[in-house]
Amino acid sequence: MRVIGIETSCDETAVAVYDQARGLLSHRLYSQIAMHQAYGGVVPELASRDHVKRLLPLVREALADARSDRESIDAVAYTAGPGLIGALLTGAGFARSLAYAWDRPAIAVHHLEGHLLAPLLEDPAPDFPFLALLVSGGHTQLVDVQGLGQYRILGGTLDDAAGEAFDKTAKMLGLPYPGGAALARLAESGHAGRFVFPRPMLDRPGLEFSFSGLKTAALVALRGRVLDDELRADVARGFQEAVVDTLAEKSRRALRATGHRRLVVAGGVGANRKLRERLGAIAAESGAALYFPRTEFCTDNGAMIALAGCLRLAAGGDAAAPGLGLGARARWPLTDNELTGV
Ligand code: KG4
Ligand code: ZN
């Protein structure tokens with residue numbers, strides 16, 4: 001079984017080929033970040049237009065890299081949501097046209113399921129069941145994963161996602177969008193202890209997160225001061241420590257509550273080295289093992305979509321419903337198996 005996966009939920013156009021027996025055969029990605037940076041964030045209309053330009057060349061390249069032709073592809077998987085609706089519709093329209101032309105099924109993949117399953121692209125891959133900490137630009141969730149499609153949300157964010165908080169704080173520190181990785185680099189030269197920001201929600205039981213107050217605390221720390229390199233680095237360090245502490249402590253509680261022996265971290269913020277270190281320590285303390293995808297598969301990519309599509313196909317269908325609808329949803333809870341949308 002061989003599946004081509006297409007990702008266009010935000011500002012990355014990505015295509016990959018995944019083979020059930022041989023694993024990942026190829027993956028290609030074009031990032032639009034440089035185009036959006038001038039605006040300080042993603043401009044949805046520009047994102048959609050750019051996906052249109054990139055998709056076909058990327059499909060050709062991914063097929064060539066995989067030494068595959070259209071005959072060898074069994075299905076076309078695409079990100080159906082959640083994400084920017086224009087960007088999603090571009091990918092959905094393209095993928096479903098390709099599937100129609102190739103006479104193959106189109107498989108609608110949930111973007112967050114892609115992130116959750118991305119560690120399965122690595123060796124060793126985690127077996128089910130596991131606890132997943134999903135931390136991206138749009139989502140922050142602790143998920144009890146019992147198997148493919150069997151997800152229970154244990155806790156989520158009440159306001160900003162972790163990646164969003166990183167990006168907004170990075171902007172205050174004068175870093176270009178998306179500033180998460182740059183803020184992490186800046187934090188390395190910061191002094192520990194100069195700024196100790198609040199650890200949101202740690203004083204209460206439960207597995208919910210909240211990051212907007214932390215962002216405000218960083219803003220207050222900067223107010224009225226000269227934004228020199230030392231101050232920027234110290235604030236970055238204090239901010240990162242507070243986020244990492246919060247994510248790690250909630251993950252520890254969730255491991256305890258569920259008794260899981262495997263902890264998976266996925267999504268863009270999962271690329272954060274400090275977070276991985278802390279989660280590794282927490283997992284070890286609880287007798288669990290930590291799994292994470294390589295950095296390029298933490299952030300948006302086509303490989304996770306091809307993999308998720310292949311697993312869905314192998315599990316017996318779940319191909320996108322036939323008909324004229326494109327099958328895309330801007331908002332789509334992970335626990336909702338229905339793709340009712342555009
Ligand atoms: O998963 P992703 O590519 O897109 C979404 O589905 O949202 O995540 C992107 C997010 C951005 O907010 C970015 O700043 C953040 O992941 N990010 C990081 C790091 N690398 C990417 N945040 C903290 N530390 C990093 N090293
Ligand atoms: Zn994502």
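In this predicted model, V135 sits across from T140 of strand β7. That pairing belongs to a hairpin in which β6 and β7 are joined by four residues, and the two strands run antiparallel with six bridges between them. On β6's parallel partner, β9, the link is made by four bridges, with L131 facing L263 of β9.

β6 itself is well covered. Six of its six residues are buried, so the strand is largely enclosed by the rest of the structure. F130, A132 and L134 point one way, while L131, L133 and V135 point the other, and all of them are buried.

Zooming out, β6 is part of an open, five-stranded sheet with mixed pairing, ordered β8-β7-β6-β9-β10. The edges are taken by β8 (150-156) and β10 (289-291), each of which pairs on one side only. From one strand to the next, the twist averages 25°. Helix α8 packs on this sheet and touches β6, β7, β8 and β9, its direction making about 155° with that of β6. At the β8 end of the sheet, β7 (residues 140-147) pairs with β8 in the antiparallel sense over six bridges, and Q141 stands opposite G156 of β8.

The packing around these elements can be followed through the largest nonpolar core, which has 45 residues; F197, V235 and L247 touch the most other members. At least two residues of this core come from each of β6 (130-135), α5 (162-172), α6 (180-187), α7 (212-222), α8 (229-258), β9 (262-266) and α9 (273-285). The biggest share, 12 residues, comes from α8. As for L247, leaving out neighbours within four places in sequence, its contacts are L133, V135, T140, A162, F209, F211 and L275. Apart from this core lies another one, of 32 residues, including I107, L120, Y151 and F297.

There is also a second sheet to consider. This one is open and five-stranded too, with mixed pairing and the order β3-β2-β1-β4-β5. Here β3 (23-31) and β5 (106-110) are the edge strands, each pairing on one side only. Neighbouring strands are turned by 20° against each other on average, direction ignored. Strand β2 (residues 12-19) runs antiparallel to β3, joined to it by eight bridges, and E12 stands opposite S31 of β3. Two helices are worth noting against this sheet. Helix α3 (residues 85-102) lies across β1 (2-7), β4 (75-81) and β5, at about 160° to β4. Helix α11 touches β1, β2, β3, β4 and β5 as it packs on the sheet, with its direction at about 135° to that of β1.

Finally, there is the metal site. The zinc ion (ligand 2) has H111 (NE2), H115 (NE2) and D300 (OD) as its protein donors, lying 2.0 to 2.1 Å from it. Along the chain these donors follow the spacing H-x3-H-x184-D. The site thus ties together distant parts of the chain: H111 is in helix α4 (residues 111-117), whereas D300 is in the loop between α10 (295-298) and α11 (303-314), 189 residues away. Both H111 and D300 are buried.

Methods: Residues numbered from 1 in each chain as written. Chains lettered and ligands numbered in written order. Predicted model: local features only at pLDDT ≥ 70, side-chain atom pairs only at ≥ 80, totals over all residues. Heavy atoms only, no water. Core = buried A, V, L, I, M, F, W, Y, C linked by side-chain atoms within 4.5 Å. Buried < 20%, exposed > 50% of the residue type's maximum accessible area, 1.4 Å probe, protein only. Contact = heavy atoms within 4.5 Å. Pairing = 2+ DSSP bridges. Axes fitted to C-alpha atoms, helices over the stretch in contact; angles between N-to-C directions. Donors = N, O, S within 2.8 Å, 3.2 Å for Na, K, Ca; no water.
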